Every structure is written in structure tokens, then in C-alpha cells.
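Subject: Handover of a structure

Dear colleague,

Please find the sequence and structure below. A summary of the findings follows directly after them.

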Amino acid sequence: MKKCEKASYCVYDEGYRKEGEWALNIKSVIVFGKIHLVEDKELSKKICTGLTQKFTDDEEYLQKELNNALSRVQCLEFSPVHMTGKIVNES
């Protein structure tokens with residue numbers, strides 16, 4: 001990442017078959033952009049807090065994890081530049 005900040009991220013669905021057809025149809029999206037390390041410790045803490053709160057509302061657990069592991073966490077920030085999507089028919 002220090003030599004080249006370009007990155008991409010791809011997601012796709014589980015696909016579907018049209019009735020009477022064998023071919024799988026898959027929808028996908030690729031996002032192209034730039035990636036870099038988050039060096040601001042407060043921003044890293046905010047990111048980790050938000051991510052943890054998506055899975056639990058246990059404040060005691062959150063504080064324990066922040067105290068024990070935050071110093072070892074490395075967050076990345078992805079800034080999208082261009083996005084493309086398509087449906088692929090696997091026939």
C-alpha cells in the first residue's frame with residue numbers, strides 16, 4: 001500500500017436461475033479506489049466501537065476489547081473512485 005494506493009473491492013450475490021434454464025445468473029459490483037492506513041488513534045477507536053456495536057450492545061465487553069486489543073488494531077480506509085456492476089449469465 002505504501003508503493004501503490006490503488007485497490008478494488010468486489011461483491012456478488014448467490015445467483016439465481018430463470019425458470020426452465022440451467023444457467024446461473026450472478027449480479028456483481030466492483031468498486032475501484034484508493035486505500036490507506038488510518039493513523040488517527042481516535043478514528044480507529046471510533047471505527048472499532050461502531051463495528052462492535054453492530055454485533056453487541058454489551059458496553060462492558062466493548063470496553064474490555066478496546067482496552068486489551070485497540071493498540072494492536074490496524075484500520076484501513078477505502079475511498080471509492082469508480083464503481084461498475086453487471087449481471088453475468090453463466091451459460
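Lys 45 has its place in helix H1, residues 41-53 (helices, H or I of at least four residues, and strands, E of at least two, are DSSP runs numbered from the N terminus). The model is a predicted one, in which local features need pLDDT of at least 70, side-chain atom pairs count only at pLDDT 80 or more, and totals for chains, interfaces and linings use all residues. Residues are numbered from 1 along each chain as its sequence is written, and side-chain values use heavy atoms, with hydrogens and water left out.

With a relative accessibility of 34%, Lys 45 counts as partly exposed (buried means under 20% relative accessible area, exposed over 50%, and partly exposed in between, with a 1.4 Å probe and protein chains only). Apart from its neighbours within four places in sequence, Lys 45 is in contact with Leu 66 and Leu 70 (contact means heavy atoms within 4.5 Å). Lys 45 and Leu 70 are 25 residues apart along the chain, and 7.0 Å separates their C-alpha atoms.

Leu 66 in turn touches Lys 45, Cys 48 and Thr 49, if residues up to four places away in sequence are not counted. Leu 66 also belongs to the largest nonpolar core, whose five residues include Val 38, Cys 48, Leu 62 and Cys 75 as well (such a core is a set of buried Ala, Val, Leu, Ile, Met, Phe, Trp, Tyr and Cys residues joined through side-chain atoms within 4.5 Å). In soluble globular proteins, nonpolar side chains tend to be buried together.

Ser 28 is buried, at a relative accessible area of 15%. Its contacts, not counting residues up to four places away in sequence, are Val 11, Tyr 12, Thr 84, Gly 85 and Lys 86.

As for the chain as a whole, two helices and three strands are present, in the order β-β-α-α-β from the N terminus on. The protein chain has a radius of gyration of 19 Å, whereas a compact globule of 91 residues would have one near 12 Å (the radius is taken over C-alpha atoms, and the globule rule is 2.2 Å times the number of residues to the power 0.38). Along the principal axes, the C-alpha atoms fill a box of roughly 55 × 35 × 15 Å. Of the 91 residues, 19% count as buried.

Yours sincerely
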